Amino acid sequence: YVDMAVQFIQLHYAYPITVAEMADRTGLNRSYLCKIFKRSTGVSPQEYLLSFRINRAKCLLRETDLPIAEVAYSCGFKDFPHFSTQFKKREGMSPGQFRRAQNGI
(Lines give C-alpha, C1' and ligand atoms only; values in the text may rest on other atoms or scores of the structure.)
Protein backbone atom coordinates (compact mmCIF):
# COMPACT_ATOMS: atom_id res chain seq x y z
CA TYR A 1 0.00 0.00 0.00
CA VAL A 2 2.81 2.38 0.82
CA ASP A 3 4.45 1.66 -2.54
CA MET A 4 1.15 2.45 -4.24
CA ALA A 5 0.92 5.77 -2.39
CA VAL A 6 4.54 6.64 -3.23
CA GLN A 7 3.93 5.84 -6.88
CA PHE A 8 0.81 8.02 -6.84
CA ILE A 9 2.89 10.89 -5.45
CA GLN A 10 5.60 10.41 -8.06
CA LEU A 11 3.06 10.49 -10.88
CA HIS A 12 0.84 13.30 -9.60
CA TYR A 13 3.08 15.60 -7.52
CA ALA A 14 2.52 18.49 -9.95
CA TYR A 15 -1.21 18.48 -9.21
CA PRO A 16 -3.05 19.48 -6.02
CA ILE A 17 -3.31 16.01 -4.47
CA THR A 18 -4.41 15.16 -0.96
CA VAL A 19 -3.80 12.35 1.47
CA ALA A 20 -7.48 11.43 1.09
CA GLU A 21 -6.90 10.91 -2.65
CA MET A 22 -3.87 8.74 -1.90
CA ALA A 23 -5.99 6.70 0.48
CA ASP A 24 -8.73 6.32 -2.15
CA ARG A 25 -6.16 5.08 -4.66
CA THR A 26 -4.85 2.47 -2.25
CA GLY A 27 -8.29 1.42 -1.00
CA LEU A 28 -7.44 2.29 2.59
CA ASN A 29 -8.94 4.82 4.94
CA ARG A 30 -6.93 7.98 5.44
CA SER A 31 -5.83 7.39 9.04
CA TYR A 32 -4.67 3.83 8.39
CA LEU A 33 -2.69 4.92 5.33
CA CYS A 34 -1.01 7.65 7.40
CA LYS A 35 -0.14 5.14 10.11
CA ILE A 36 1.44 2.55 7.82
CA PHE A 37 3.08 5.19 5.62
CA LYS A 38 4.82 6.79 8.59
CA ARG A 39 5.82 3.40 9.97
CA SER A 40 7.38 2.46 6.63
CA THR A 41 8.99 5.77 5.57
CA GLY A 42 9.46 7.65 8.83
CA VAL A 43 7.35 10.60 7.60
CA SER A 44 3.69 11.32 6.95
CA PRO A 45 2.33 11.13 3.39
CA GLN A 46 1.97 14.93 3.37
CA GLU A 47 5.58 15.43 4.45
CA TYR A 48 6.76 12.91 1.84
CA LEU A 49 4.82 14.78 -0.84
CA LEU A 50 6.30 18.11 0.22
CA SER A 51 9.83 16.70 0.27
CA PHE A 52 9.31 15.10 -3.13
CA ARG A 53 8.12 18.43 -4.56
CA ILE A 54 11.09 20.32 -3.08
CA ASN A 55 13.54 17.75 -4.46
CA ARG A 56 11.96 18.00 -7.89
CA ALA A 57 12.16 21.79 -7.68
CA LYS A 58 15.86 21.54 -6.82
CA CYS A 59 16.42 19.48 -9.97
CA LEU A 60 14.58 22.03 -12.10
CA LEU A 61 16.48 24.93 -10.52
CA ARG A 62 19.78 23.19 -11.31
CA GLU A 63 18.96 21.89 -14.76
CA THR A 64 16.70 24.52 -16.36
CA ASP A 65 16.42 28.25 -16.80
CA LEU A 66 12.71 28.26 -15.95
CA PRO A 67 11.63 31.26 -13.89
CA ILE A 68 11.48 30.31 -10.22
CA ALA A 69 7.72 30.92 -10.04
CA GLU A 70 7.26 28.50 -12.95
CA VAL A 71 9.37 25.91 -11.13
CA ALA A 72 7.10 26.32 -8.10
CA TYR A 73 3.89 25.87 -10.07
CA SER A 74 5.22 22.94 -12.09
CA CYS A 75 6.09 21.15 -8.85
CA GLY A 76 2.57 21.45 -7.46
CA PHE A 77 2.83 24.55 -5.30
CA LYS A 78 -0.28 26.72 -5.49
CA ASP A 79 1.51 29.96 -4.76
CA PHE A 80 5.05 31.25 -4.93
CA PRO A 81 5.31 32.58 -1.34
CA HIS A 82 4.42 29.15 0.08
CA PHE A 83 7.00 27.49 -2.17
CA SER A 84 9.69 29.99 -1.22
CA THR A 85 8.96 29.61 2.50
CA GLN A 86 9.00 25.81 2.39
CA PHE A 87 12.12 25.74 0.23
CA LYS A 88 14.02 28.06 2.56
CA LYS A 89 12.86 26.13 5.62
CA ARG A 90 14.24 22.88 4.18
CA GLU A 91 17.31 24.07 2.29
CA GLY A 92 18.42 27.02 4.42
CA MET A 93 18.36 29.38 1.43
CA SER A 94 15.87 30.83 -1.00
CA PRO A 95 15.25 29.15 -4.37
CA GLY A 96 17.13 32.01 -6.06
CA GLN A 97 20.12 31.60 -3.75
CA PHE A 98 20.07 27.86 -4.37
CA ARG A 99 20.10 28.36 -8.14
CA ARG A 100 22.97 30.86 -7.93
CA ALA A 101 24.96 28.53 -5.66
CA GLN A 102 24.43 25.61 -8.05
CA ASN A 103 25.59 27.70 -10.99
CA GLY A 104 28.66 29.03 -9.17
CA ILE A 105 27.44 32.62 -9.21
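Reader: How are helix 1 and helix 3 oriented relative to each other?

Author: Helix 1 and helix 3 are roughly perpendicular to each other, a label given to angles of 65 to 115 degrees. In this predicted model, local features need pLDDT of at least 70 and side-chain atom pairs count only at pLDDT 80 or more, while totals for chains, interfaces and linings use all residues. Residues are numbered from 1 along each chain as its sequence is written, and side-chain values use heavy atoms, with hydrogens and water left out.

Reader: At what angle do helix 1 and helix 3 pack, and how far apart are their axes?

Author: Axes are lines fitted to C-alpha atoms, for helices over the stretch in contact, and angles run from 0 to 180 degrees between N-to-C directions. Here helix 1 (residues 2–12) and helix 3 (residues 30–41) pack at about 90°, with their axes 10 Å apart.

Reader: Which residues of helix 1 and helix 3 meet?

Author: A contact means heavy atoms within 4.5 Å. On the side of helix 1, Val 2, Ala 5, Val 6 and Ile 9 meet Leu 33, Ile 36, Phe 37, Ser 40 and Thr 41 of helix 3.

Reader: How many helices and strands does the chain have?

Author: Helices (H or I, at least four residues) and strands (E, at least two) are DSSP runs, numbered from the N terminus. The chain has seven helices and zero strands, and its C-alpha trace spans about 45 × 20 × 20 Å along the principal axes.

Reader: What share of the chain's residues is buried?

Author: Buried means under 20% relative accessible area, with a 1.4 Å probe and protein chains only; such residues make up 35% of the 105 in the chain.

Notes. Buried means under 20% relative accessible area, exposed over 50%, partly exposed in between (1.4 Å probe, protein chains only). Angles under 35 degrees count as roughly parallel, over 145 as roughly antiparallel, 65 to 115 as roughly perpendicular and the rest as oblique.
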